[in-house]
Amino acid sequence: MEPTTFKITDKPVTKTPLNPEHIMQIGLGFWASKTLLTAIKFQLFTTLAEKPSLTAAQIREKLKLNERSYLDFLDALVSLNFLRREGTGKDSHYSNSAESELFLDKKKPTYIGGILEMADHRLYKYWGNLEEGLLTGQPQNEIKENPTENSFVELYSNPERMKEFLLAMAGIQMGAFISFASQFDFSKYKTVCDAGGAIGALSVQIAKQHPALKCISLDMPQVAAVSKAFIQEHGVSKQVEVVSGNFFERIPNADVVIMGNILHDWSDSEKMQLIKNAYDALPPGGAFVCIENIIDDDRRKNTFGLLMSLNMLIETKAGRDFTFNEFTGWTKKAGFSRQEFMALAGPTGAAIAYK
């Protein structure tokens, strides 16, 4: 269809016809999402990382796929830029894209698929109840059937589900953790505490890039065994200490206190309590770092941050994501003197407050 041209006085004006493509892409976005999640569940990208080029027929045999739609499945992943292909049909050869090779091979330390595995196993079905969550303001996950005072008590009650969650948290922030560990100036500091450190992914990245630093990974007692194994696997056990505790009660003293995807889990009053506890744990000149999908102050650009805030509706009783202006207000109220923002990977940033 040619653009429609008309005149206002003597100046030609071109009006581009409206196009529903964006609406369709978003409205049926679950098609692409479930295709990727299924490929991860089948460990397709890990398989292709082990043997970089396989024919369609070889992939079908390895994954035990039915003949009917496997080519559509593989070629949809090509179209979505997760796979590369040479040739056509059953004898065509497939390989990982550069991003899939780095981030979706389960055997690499850069694997981010943990969050996507959890999205497939847990979040996919719970997000189907978004309407109810918006109408009631209540979470729509496991605690909907088994209400508890703390949503993490229910989540951590099942060891396998807890491990999946911990790996998911590592996956969703791995790029940001690597970026922060390389960007932040640690030269003035000797000790770091990752409060709510989960599996210890951030401490591992900091320890690897800054061998002189001592790190503490603080989390609930149920997490300790999994964290110690992960830290040992990455060879930094001498630098990183796993400490069990409750960050609402006390945060161990350190020069830098970091919370990665922690504040958004809680109500505004609980956020303030955690910020105050971080302030108390720091010496003068110390830094409090919040690594989150910080929403832009105008609330228009960071779509992922806004959708993550909706995810907090699904997952928590009162949590929500927030803007840097809100972070600045909370930390000033707690006594911090200076704030700054550091852009990290993708939609994630570090909001930093100095004591």
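Reader: How many helices and strands does the protein chain have?

Author: This is a predicted model, and its protein chain has 15 helices and 12 strands. Along its principal axes the C-alpha trace spans about 65 × 65 × 45 Å, and buried residues make up 49% of the 355 residues in the chain.

Reader: What makes Asp120 count as buried or exposed?

Author: The relative accessibility of Asp120 is 11%, and buried means under 20%, so Asp120 counts as buried.

Reader: Why is the contact between Lys34 and Asp120 called a salt bridge?

Author: A salt bridge needs a side-chain nitrogen of Lys or Arg within 4 Å of a carboxyl oxygen of Asp or Glu. The side chains of Lys34 and Asp120 meet at 2.5 Å, N to O, and because this value lies within 4 Å, the pair is called a salt bridge. The two residues belong to distant parts of the chain, with Lys34 in helix H2 (residues 29–41) and Asp120 in helix H7, 86 residues apart. Lys34, at 31% relative accessibility, counts as partly exposed. A search of the whole structure finds 15 salt bridges.

Reader: What do Lys90 and Glu67 tie together?

Author: The side chains of Lys90 and Glu67 meet in a salt bridge of 2.9 Å, N to O. Lys90 lies in the loop between strand E4 (83–86) and strand E5 (93–96), and Glu67 in the loop between helix H4 (56–63) and helix H5 (70–79), so the pair ties together parts that are 23 residues apart in sequence. Lys90 is partly exposed at 42% relative accessibility, and for Glu67 the value is 42%, which is likewise counted as partly exposed.

Reader: How do you know that Glu132 and Lys144 form a salt bridge?

Author: The side chains of Glu132 and Lys144 meet at 2.9 Å, N to O, and since the limit is 4 Å, the pair qualifies as a salt bridge. Glu132 is in helix H8 (residues 130–136), while Lys144 is in the loop between H8 and helix H9 (151–155), 12 residues apart. Elsewhere, Asp268, Lys271, Arg320 and Glu326 are linked in a network of salt bridges.

Reader: What makes Phe30, Trp31 and Tyr124 a nonpolar patch on the surface?

Author: Residues of a patch need over 30% relative accessible area and no salt bridge, and nonpolar side chains are joined within 5 Å. Tyr124, with a relative accessible area of 36%, is partly exposed, so Tyr124 passes the 30% limit. Together, Phe30, Trp31 and Tyr124 have about 350 Å² of accessible area. Tyr124 lies in helix H7 (residues 113–126), and His121 lies in helix H7 too.

Reader: Which residues have the most contacts inside the largest nonpolar core?

Author: The largest nonpolar core has 46 residues, and those with the most contacts inside it are Leu166, Phe180, Phe184, Ile206, Ile258 and Ile291. Among the elements that each supply at least two residues of this core are H7, helix H11 (201–209) and strand E9 (256–260). The largest share, 11 residues, comes from H10. In soluble globular proteins, nonpolar side chains tend to be buried together.

Reader: How do you know that the span of helix H10 is close to the expected one?

Author: Helix H10 (residues 159–183) has 25 residues and reaches 34 Å from its first C-alpha to its last, which is close to the 36 Å expected at 1.5 Å a residue. The helix also bends by about 60° at Gln173.

Technical notes: Residues numbered from 1 in each chain as written. Predicted model: local features only at pLDDT ≥ 70, side-chain atom pairs only at ≥ 80, totals over all residues. Heavy atoms only, no water. Patch = residues over 30% accessible without salt bridge, like charges linked within 9 Å, V, L, I, M, F, W, Y side chains within 5 Å. Areas by Shrake-Rupley, 256 points an atom, 1.4 Å probe, with all protein chains shown as cover. Helix = DSSP H or I, 4+ residues; strand = E, 2+ residues; numbered from the N terminus. Buried < 20%, exposed > 50% of the residue type's maximum accessible area, 1.4 Å probe, protein only. Expected span 1.5 Å × (residues − 1). Bend = angle between axes of the 7 residues up to and from the residue. Core = buried A, V, L, I, M, F, W, Y, C linked by side-chain atoms within 4.5 Å.
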